[in-house]
Amino acid sequence: MADQVNAPSLGFIGFGNMAQAMAKGLVDAGALPGGRINATAAHFDKLQASTAALGAHACEDARGVVEASDFVVVAVKPHLVAQVLEPVRDMLAAPGKAVISVAAGCGFEFYEEVLGPGTHHLSTIPNTPIAVGAGVVACEQRHSLDDAELAAFEELFGQVALIEWVDGKLLSTASAIAGCGPAFAAMFLEALGDAGVKHGLPRAAAYRLAAQMMMGTAKLHLETGTHPGAMKDAVCSPGGTTIKGVASLEKDAFRGAVVNAIDAIEG
């Protein structure tokens, strides 16, 4: 368990699905107690219920969040960012405050225009598996956090996610892979489950088998660095069942379909 006493306080401006996933992941991992999390959102009644489940504080407005927080996470829709930050622009520029953005498409240059001079900020794109401590946070290499803030950010979120630093022009691609990818992975999980059911497996068992297989394969790659092609080859015996399945996937342009999905997002 992390040193919760010295952990930074965290505030969310916007508390939708992604913000709640981040907060839940941190609390469940013991990285941050709920009492050090503050949030505001458009619908206060709903916000109160969401924060209560985590032991976090519901604030009536962004000013309350900024006053109570070291890191302020901007988690509203991109077109609303400038609007919601305007009332707290000067507060965010104060010493001891840092802005962490999770709004897609809002990079360093954008925040240099929206925020006050000298404000410390970092643009990131997390993904939903952060809720269970197995997330990704893609971060723009260009930022204005100081060394202490950067270390605190990595210490906090590194407990629940892989932190990957990329050039600003590649942040959207990193987001497409890690942020949109869970939807594609869930479709693959569902498809494997359907195939299992087709051949007689109970659905719950088929999903468990497929999910554990996906998690294990990903862990094997991350821990060994083995090339995905080599991992595939290791399972494919000459004339065996696996290579027949691989050939069928290739016939149906499995890998091409995946690349096309990323092309569609980036296009």
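**View 1. Helices H9 and H10 pack against each other.** Helix H9 (residues 181-198) and helix H10 (residues 203-224) meet at an angle of about 135°, and their axes are 8 Å apart. This is a predicted model, in which local features need pLDDT of at least 70 and side-chain atom pairs count only at pLDDT 80 or more, while totals for chains, interfaces and linings use all residues. Residues are numbered from 1 along each chain as its sequence is written, and side-chain values use heavy atoms, with hydrogens and water left out. Helices (H or I, at least four residues) and strands (E, at least two) are DSSP runs, numbered from the N terminus. Axes are lines fitted to C-alpha atoms, for helices over the stretch in contact, and angles run from 0 to 180 degrees between N-to-C directions. Angles under 35 degrees count as roughly parallel, over 145 as roughly antiparallel, 65 to 115 as roughly perpendicular and the rest as oblique, so H9 and H10 are oblique to each other. Look on the H9 side for Phe188, Leu189 and Leu192, among others, and on the H10 side for residues including Tyr207, Met213 and Met214; contact here means heavy atoms within 4.5 Å.

**View 2. Helix H8 packs on helix H13.** Here H8 (residues 171-179) and H13 (residues 254-266) have axes 10 Å apart and an angle of about 135°. That makes H8 oblique to H13. From H8, Ser172, Thr173, Ala176 and Ile177 meet Ile262, Ile265 and Glu266 of H13.

**View 3. Ala253 sits in the loop between helix H12 (241-251) and H13.** Although Ala253 is not a glycine, its phi is positive, at about 60°. With a relative accessible area of 40%, Ala253 is partly exposed; buried means under 20%, exposed over 50% and partly exposed in between (1.4 Å probe, protein chains only).

**View 4. Ser9 lies in the segment before strand S1 (10-13).** Is Ser9 buried or exposed? Its relative accessibility is 9%, so Ser9 counts as buried. A polar atom of the Ser9 side chain lies 3.2 Å from the backbone oxygen of Ala68. Beyond neighbours within four places in sequence, Ser9 is in contact with Arg36, Ala68, Ser69, Asp70 and Phe71.

**View 5. An annotated span covers residues 10-105.** The unreviewed UniProt entry lists these residues as "domain: Pyrroline-5-carboxylate reductase catalytic N-terminal"; such annotations may be inferred rather than shown by experiment. The span is 39% helix and 19% strand, with its end C-alpha atoms 22 Å apart.

Definitions and conventions. Polar contact = N/O pair within 3.5 Å; in protein donor to acceptor, adjacent residues only side chain to side chain.
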